[in-house]
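Hi everyone, thanks for coming.

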Protein chains: 2
Amino acid sequence: MTEPRIVATYHIASDAERIEQRALALAIEQSVECPLEAIGDPAIVANIVGRVEDVAELQPGRYAVRIGLAAATAPAEPGQLLNMLFGNSSIQPDIALADVELPAHYLTAFGGPRVGLAGIRTLTGAQSRALTASALKPQGLSPAALASIAHQLALGGVDLIKDDHGLADQAFSPFAERAAAVGKAVREANAARGGRTLYAPNISGTLDDMRRQLGVIRDEGIGAVLVAPMIVGVSNFHAIVKEAAGLVVVAHPAMAGAAKIAAPLLLGRLFRLFGADATVFPNYGGRFAYSTASCLALAQAARDPFGKLNACIPTPAGGIMLQRVNELLRFYGQDVMLLIGGSLLASRERLTEQASRFVNKVADYGQR
Amino acid sequence: MTEPRIVATYHIASDAERIEQRALALAIEQSVECPLEAIGDPAIVANIVGRVEDVAELQPGRYAVRIGLAAATAPAEPGQLLNMLFGNSSIQPDIALADVELPAHYLTAFGGPRVGLAGIRTLTGAQSRALTASALKPQGLSPAALASIAHQLALGGVDLIKDDHGLADQAFSPFAERAAAVGKAVREANAARGGRTLYAPNISGTLDDMRRQLGVIRDEGIGAVLVAPMIVGVSNFHAIVKEAAGLVVVAHPAMAGAAKIAAPLLLGRLFRLFGADATVFPNYGGRFAYSTASCLALAQAARDPFGKLNACIPTPAGGIMLQRVNELLRFYGQDVMLLIGGSLLASRERLTEQASRFVNKVADYGQR
């Protein structure tokens, strides 16, 4: 049979003598997960058992192993795809999932970003420049206090304001009350300055919880939503994408781990495949130690051609200061959304002014 | 205010000069996630900002840092608890979540295992010995072929038969058809030998998907269910626990990662807290390189006193051979369920006989 296979690339720490055997063991681990002698049916050996396609030395003691996995084992269901790509081997300390090539039918089935980079440009009116974003913090503030911050950021012209990913449904800031208050504050600021700032409340909990929260978002006429796929589960994330038609879906990297699934693959390619319109990730030079190479690869995975999927807007975040705007736009280009949270908020009573400086700095760069 | 805090212990790689600063940065990262100067309200600094409780050197260049996190930021909702414990810091490569102490109200709110170790003993009739489990493999087999394997394992007297965690809802083995066929085979084998073998089908996908699958399990009179909390999302896992009253809930470690959240904490304590009756984990000496110390700590976290929560039965798995049964029972004691999959299945036509040898070996150990 010549059914196309999923080709997953793993990086394995191993000595040269054992790498062929490690590769074969991995191919079995991520497919049938049992000794080959336990398999009676030759069709399973031919069509279901993972196949070592290639082993290449990256550097002494470190190898890239490409494994062909049968698409039949992973229907187009996000959780099962992740399970077959890395379920068990995620527990092996010296194996990382580096990359994956998917047969075309996965792209059709998942559909990727619904609004996408181009749609976000249309919604915000930011056609020819990079986009700007900020975050509502700190936790512990009341909905009214968060709404006041959002109002100032929106008056400053920031394109997208997201909840801090730590804001859930806490007593000090219940989801429904917060979404309503912040949504109203952003609408009023938009009306005051003729702006189109989007607000993305953070939804969380079970799929039921998220649906209730999505209902609030609809009722309040809010235009975006923030979700952490690795906490809510990628299957539920994708279910939300399908139910959030018309809303900008922003993916947050919480619980994405660092070393085990390559960031460009997980936060760039896979979150996009499952439908993120924007993907937030830790910027290089910040407190998360992603390399410049990793950030660039992530941005490319989010926005470079990927079948017919819409582009997802890469959204670097984490310790970004105003002074770095030009450097970051040189690095990422214009198809990016810069997210500045804490360093804007530290300006306190001058928040609108600082937000406006941020927005202008990004816009000016586009005009040069 | 003296509200009890969650106390999370992190292990951080750092030089001595920077560890105090790293600890403070981590306390901020996992709470307000913004510069302290961005916080206007002194009550937030006092009550919400994470607090460094203790810094201790584990070995040169490696520290244990205890951080007090405000319970108000993490309502008793599994995803949000995980988010506040490790959401962002999971992305920092040199930080691992090692342990957590929770205020008592979390135990009451989550409730832990519903059936628990004692309940599993009652259901299976295995009162005074260790328990036995096996797995249905390989992927690619039809429901009828898997049912035939299950029939033989149940005739051999294995206490619990679980789906391979790779079995989802594939064309070669649709969930409803498989659960019905295997459920029937196990019932018939139980009737034939007067046994009480449990079957745990693997449920996956969105919460909606899992509910549909749970409906099949109910309809077929099946007594257990297998779930991978880190793939379906811990919130949805806990929702299933609440809806699966009377069923034995078995947690699978897929996507649990290796180095970032300590296995005893995640697979032992937290999965138990959220309601796993049995927790499957990679046994030492197998292909996942968990240490003996880690496996023992995990088993203890699953079954040692933890508030008033039921005990969860530790279920070591992965490359276990019959010859290791005595060694493992000496190591884990009787409050354990040994899971042997592949090496039993490799016996092919002698499967019932080998399963029976496994069961007898475990039972004999208890009689000595």
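**Two chains and what joins them**

Let's start with one contact: the side chains of B:Arg211 and A:Asp208 form a salt bridge, with N and O 2.5 Å apart. That pair crosses between chains, running from helix α8 of chain B to helix α8 of chain A, which covers residues 207-219. Before going on, please keep in mind that this is a predicted model.

How accessible are the two partners? B:Arg211 has a relative accessible area of 27%, so we call it partly exposed. A:Asp208 comes out at 23% relative accessibility, and therefore counts as partly exposed.

Now let's step back to the whole interface. On the chain B side, 72 residues are in contact with 72 residues of chain A. Between chain B and chain A, the buried area is about 5,700 Å², and carbon and sulfur atoms give 59% of it.

How many salt bridges are there between chain B and chain A? The count is four. Besides the pair we began with, one joins B:Glu33 to A:Lys137, where the side chains meet at 3.4 Å, N to O. Polar contacts cross the interface too: the rule finds 24 residue pairs between chain B and chain A, with both residues at pLDDT 80 or more.

Which helices of chain B supply at least two residues each to the side that touches chain A? They are α3 (78-86), α8 (207-219), α9 (229-232), α10 (234-243) and α14 (342-345). Of these, α3(B) gives the most, with six residues. If you sort the residues on this side of chain B by kind, you get 36 nonpolar, 24 polar and 12 charged.

**A closer look at α8 of chain B**

The buried residues in α8(B) are B:Leu207, B:Met210, B:Gln213, B:Leu214, B:Val216 and B:Ile217. What covers them? From chain A, the cover includes α8 and α10 (234-243), and from chain B it includes α7 (175-193), β8 (224-227), α9 and α10. Just after the helix, B:Gly221 takes a positive phi of about 65°.

Among the buried residues of α6(B) are B:Pro143, B:Leu146, B:Ile149 and B:Leu153. The helix is followed by B:Gly157, whose phi is positive, near 95°.

**Salt bridges within a chain**

Over all chains, a search of the whole structure finds 30 salt bridges. One of them lies inside chain A, where the side chains of A:Asp99 and A:Arg269 meet at 2.8 Å, N to O. A:Asp99 sits in strand β4 (residues 95-101) and A:Arg269 in helix α11 (residues 263-273), so this pair ties together parts of chain A that are 170 residues apart in sequence. A:Asp99 itself has 30% relative accessibility and so counts as partly exposed.

In chain B, B:Arg51 forms a salt bridge with B:Glu53, their closest N and O atoms being 3.2 Å apart. Salt bridges with shared partners also join A:Asp208, B:Arg211 and B:Glu243 into one network.

Is A:Arg121 buried or exposed? At 6% relative accessibility, this arginine counts as buried. A:Arg121 lies in helix α5 (residues 116-124) of chain A. Its side chain reaches the backbone oxygen of A:Ala126 at 2.7 Å. Leaving aside residues up to four places away in sequence, A:Arg121 touches several others, including A:Leu131, A:Gln334 and A:Asp335.

My last stop is B:Phe271, in helix α11 (residues 263-273) of chain B. With 0% relative accessibility, B:Phe271 counts as buried. Beyond residues up to four places away in sequence, B:Phe271 touches, among others, B:Pro229, B:Met230, B:Phe237 and B:His252. The C-alpha atoms of B:Phe271 and B:His252 are separated by 9.5 Å, and the two residues are 19 residues apart along the chain.

Notes
Residues are numbered from 1 along each chain as its sequence is written. Chains are lettered from A and ligands numbered from 1 in the order in which they are written. This is a predicted model: local features need pLDDT of at least 70, side-chain atom pairs count only at pLDDT 80 or more; totals for chains, interfaces and linings use all residues. Side-chain values use heavy atoms; hydrogens and water are left out. Contact means heavy atoms within 4.5 Å. Buried area is the accessible area (1.4 Å probe) that two parts lose on being put together, summed over both. A polar contact is a pair of N or O atoms within 3.5 Å; within protein, one must be able to donate a hydrogen and the other to accept it, and residues adjacent in sequence count only if both atoms are side-chain atoms. Helices (H or I, at least four residues) and strands (E, at least two) are DSSP runs, numbered from the N terminus. Ala, Val, Leu, Ile, Met, Phe, Trp, Tyr, Cys and Pro count as nonpolar, Asp, Glu, Lys and Arg as charged, and the others, Gly among them, as polar. Buried means under 20% relative accessible area, exposed over 50%, partly exposed in between (1.4 Å probe, protein chains only).
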